[in-house]
Amino acid sequence: MNVLIYLEVLTTIFSDIYQKILEEVYTPAAQEEAEKMKTFDEEQLGNFLQNKLEGKKYLVVLDDVWTCEDWNCLAKVSINEPGSAGGVFPVGKKGSRLLVTTRDENVAKLADARVTPLSLKFLAPEDSWDLFCRKAFLDADPSAFTKPLLELGEKMVKKCEGLPLAIVVLGGLLSRIDKSLPEWGKVLDNMDAYLTGSDQPVMVILNLSYVTLPSHLKLCFLHLCLFPEDHVISTRKLLSLWLAQGFVQKQGNTQRMKDTANEYLNQLISRNLVQAVRLSVNKRVMECRVHDFVRKLAIEKAKEENFISADSTFTKFRWQSFYSGCDRYASKAVLPDGGISSVRFICQSFKRLRVLDLEGLPIKKLPKKIGELIFLRYLGLRNTSLKTLPSSIKGLLSLQTLDTNKLERVPKEICSIKNLRDLCIEGQNESKLIRVDKLKNLQYLSGIKLDQWTRLNNPSKLSTCLEKLKLQGRFKITGVDLSNSISKLRNLRSLYLEASDDIPQLVMNTWDRLSKLDIKGPMPKLPEASQFPPCLMQLTLEETKLDDDPTPTLEQLPQLSTLRLRANSYIGDEMRVSPERFIRLNLLQISELTQLTDLNIESGAMPWLTEFQFYEELQISKLSELQNLVEVDIIGEIVFSSDIRAQIPFHMLLQNGDWICTPRTYRNNANGFHLYREQGKKLPSPRELIERLIVFLEQIQKK
């Protein structure tokens, strides 16, 4: 006997769920047995169900399991066997399956740790339109309707931003009304009311996602409503704001608060409340955004929780948003004129302010009163008209982040703010010494000139905390002196070095923990492989203008996983990768090397390369032998047609599997296209996945 069961998990009373499954699996032989089953507690029912499924071929679909705790309880997972299917659902006959759907990626990983969960993405525009037509026009042919009506439909679909539930609700609504321009125009004008009202299916489900968040994640989620619609958010800035607001709870004695904040963000992403926009090579989220419907939920909840105000008055609330005033957060939204008087008013009125973000305002001067904000932790001054800061800034005793990029003069008083963690003073062009070596808590330092750095009395004072350093300017010392000063930073993980004149020979093999290195500027000769940092994993070269092929040296770096050769890093016409070299390389980027025409990849080279970016004109040998490639970016002026693959000159590459091809814009607005496949196979569309499931269900029913 084959068993087919679909069950929406609407309750955490698991005995009820077991009972419903049993109704499909087993019919009691006598009334006495049926009565006895009614007396079973949850554990007894689970054991009884496990016994009845044993030996059967079954498909059980558990739809919408909310939390990891729910899954463990429902499946009776043993704490000694994490990732197992649990005691309730046995292995069964060959072909048996337990299909679990969830909004939380952590639940999916817990349900079966042996496989990668299938993550359903937002629908592509063409898939969104296809789903909409099937719901709005039912069996009718969309082409039978007028072009203006279809254009209205396209505008409404675009507003759904690829969210399937929103498209289904919208299509269902339009299927029940007259297919006329006035009626559809009303829906377009009132989409918020139709889709994001508190009683609408979209918001009901999103609200459940919010309700199940732990309290610390709720604060971080509500904070996202402060950002404008469709805004791409810098992760570095977002985490700094969360830390400044006090949203992040300390976890033990070893984990850094910033790492904990990053975990919070990943949890919101895994719950599909935040979208990752850009990832680093090591898969850290660099930029993110919030879907418009999710943002509307955040705004409504923020109002309910008094997190923000609905008006623009300076009323005291727990936090400040782009819509209101408060005593802990101020942004440019509450400074409509961008003038010093507005900033002075904030400094006088909100003494407990924690965050002051003035990014993008044409403000030319800060009031001296700013030094009275002794609780201020974050001061954002990027892209303002400020040329310097008042000396009273030394009064910001709690300041952790100072972010500016256009200051011409940096006051020495900055170096007395002992709690600074992140200091960004890019753009300053002073020659006088800035005593950043007094800031012993610095973790991130950007904007210091090379000559300022080398004149520090004791840069080793920064060795405890400093992890990321950006140096720029002219070289006025030897490479050995700079190398020695960097070697004293025992915790430095990332170094960005930009020089306007020749970069001397650097001896970097004492930079023990450095894993990421960016070098921009003329470098007559590349150091020997033995002189590179021993733990180097990511290397970017730009404008180094190397005459000799850099690959014979770089391919010897044992830990290198990412190599970016950008504009004019190499000015030769040929590069060769030796056999069995670059054995750990995962990502290779070759861009804007205008002289390079040939890349010769020998057999066995780059065996684990998964991502490759190059330009169209480059001739590449043995490209087809890179069996583990899953992402390829080809930059060039491509004329896109319905069959884009027919235009790609790399036929051998495409023979290794079906690739999805999409247009893309790259650095400096260069055009190209992105090819993607998963595990060497084409990624199925949502429709294909559903069709496969239907076929599978039909096969089980027949058997």
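**Aromatics and helix packing**

Analyst: Phe137 has a relative accessibility of 4%, so Phe137 counts as buried. Buried here means under 20% relative accessible area, exposed means over 50%, and partly exposed is in between (1.4 Å probe, protein chains only). Keep in mind that this is a predicted model: local features need pLDDT of at least 70, side-chain atom pairs count only at pLDDT 80 or more, and totals for chains, interfaces and linings use all residues. Residues are numbered from 1 along each chain as its sequence is written, and side-chain values use heavy atoms, with hydrogens and water left out.

User: Fine. How many aromatic pairs does the structure hold?

Analyst: There are 8 aromatic pairs. Rings of Phe, Tyr and Trp (its six-membered ring) pair if their centres lie within 6.5 Å; planes under 30 degrees apart count as stacked, over 60 as edge-to-face and the rest as tilted. One of the pairs is Phe132 with Phe137, where the ring centres are 6.2 Å apart and the planes sit at 80°, so this pair is edge-to-face.

User: And Phe137 with Trp184, how do those rings sit?

Analyst: Those two are stacked, because their planes are at 25°, with the ring centres 5.7 Å apart. Phe137 is in the loop between helix 6 (125-136) and helix 7 (147-159), while Trp184 is in helix 9 (residues 181-189), so the pair ties together parts that are 47 residues apart in sequence. Helices (H or I, at least four residues) and strands (E, at least two) are DSSP runs, numbered from the N terminus.

User: Is Trp184 buried or exposed?

Analyst: Buried, because its relative accessibility is 0%. Trp184 also belongs to one aromatic cluster with Trp129, Phe132, Phe137 and Phe145.

User: Let's do helices. At what angle do helix 6 and helix 8 pack?

Analyst: About 35°, with the axes of helix 6 and helix 8 (residues 164-175) 7 Å apart. Axes are lines fitted to C-alpha atoms, for helices over the stretch in contact, and angles run from 0 to 180 degrees between N-to-C directions. On the helix 6 side the contact (heavy atoms within 4.5 Å) includes Leu131 and Phe132, and on the helix 8 side it includes Ile167 and Val168. By class, that contact has 8 nonpolar, 4 polar and 1 charged residues. For those classes, Ala, Val, Leu, Ile, Met, Phe, Trp, Tyr, Cys and Pro count as nonpolar, Asp, Glu, Lys and Arg as charged, and the others, Gly among them, as polar.

User: What about helix 13 and helix 14, what's their angle?

Analyst: Helix 13 (residues 235-245) and helix 14 (residues 257-270) pack at about 110°, with axes 10 Å apart. That is why they count as roughly perpendicular, a class that covers 65 to 115 degrees (under 35 is roughly parallel, over 145 roughly antiparallel, the rest oblique). Among the residues that meet are Trp242 in helix 13 and Tyr264 in helix 14. The residues of this contact divide into 9 nonpolar, 2 polar and 1 charged.

User: Switching to loops: where does Ser561 lie?

Analyst: In the loop between helix 19 (551-554) and strand 17 (562-565). Ser561 counts as buried because its relative accessibility is 11%. Leaving out residues up to four places away in sequence, Ser561 touches Met537, Arg584, Leu585, Asn586 and Leu587.

User: And Thr594, buried or exposed?

Analyst: Exposed, because its relative accessibility is 62%. Thr594 lies in the loop between strand 19 (587-590) and strand 20 (598-601).

User: Last one: how many helices and strands are in the chain?

Analyst: The chain has 21 helices and 25 strands, and 48% of its 703 residues count as buried.
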